[in-house]
Amino acid sequence: MFKPSDFVVSQKPTWCPGNPTCGNFHILATVRTVLAELDLAPHQAIISSGIGCGSKLPDYTKINGFMGRSEEHTSELQSQFRISYAVF
């Protein structure tokens, strides 16, 4: 059984330091909690993100990350999902 702490990395988020209203911290905590509740190992998950502050989410979670900005990248991501599904 995994715990949310299993998905924590040493790098600290740079989002709105000292701003308690920044929702990114809550999203990060929720993602870690859900991954643990699903009992997924870090290598069994992938996060896709775009641009902006929230796009740093893969950097702050111990799972695979994919960052892109356009529909062109979406096709690559879908291919990775198919490959990951076939391999794992």
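Analyst: Read along the sequence, this predicted model follows the pattern α-β-β-α, where helices (H or I, at least four residues) and strands (E, at least two) are DSSP runs, numbered from the N terminus. Residues are numbered from 1 along each chain as its sequence is written. As the model is predicted, local features need pLDDT of at least 70 and side-chain atom pairs count only at pLDDT 80 or more, while totals for chains, interfaces and linings use all residues, and side-chain values use heavy atoms, with hydrogens and water left out.

User: In which sense do β1 and β2 pair?
Analyst: Strand β1 (residues 46-49) and strand β2 (residues 64-67) pair in the parallel sense over four bridges, and pairing requires that DSSP finds at least two bridges between two strands. Ile46 has Asn64 in β2 as its bridge partner.

User: And which residues are on the covered face of β1?
Analyst: Ile47 and Ser49 form the covered face, whereas Ile46 and Ser48 form the uncovered one. In a regular strand the side chains alternate between the two faces of the sheet.

User: New topic: which residues make up the largest nonpolar core?
Analyst: It has eleven residues, including Phe7, Trp15, Leu28, Ile47 and Tyr60. Such a core is a set of buried (under 20% relative accessible area, 1.4 Å probe, protein chains only) Ala, Val, Leu, Ile, Met, Phe, Trp, Tyr and Cys residues joined through side-chain atoms within 4.5 Å.

User: What is Tyr60 in contact with?
Analyst: Leaving aside neighbours within four places in sequence, Tyr60 is in contact (heavy atoms within 4.5 Å) with residues including Phe7, Pro13, Trp15 and Arg32.

Conventions:
Buried < 20%, exposed > 50% of the residue type's maximum accessible area, 1.4 Å probe, protein only.
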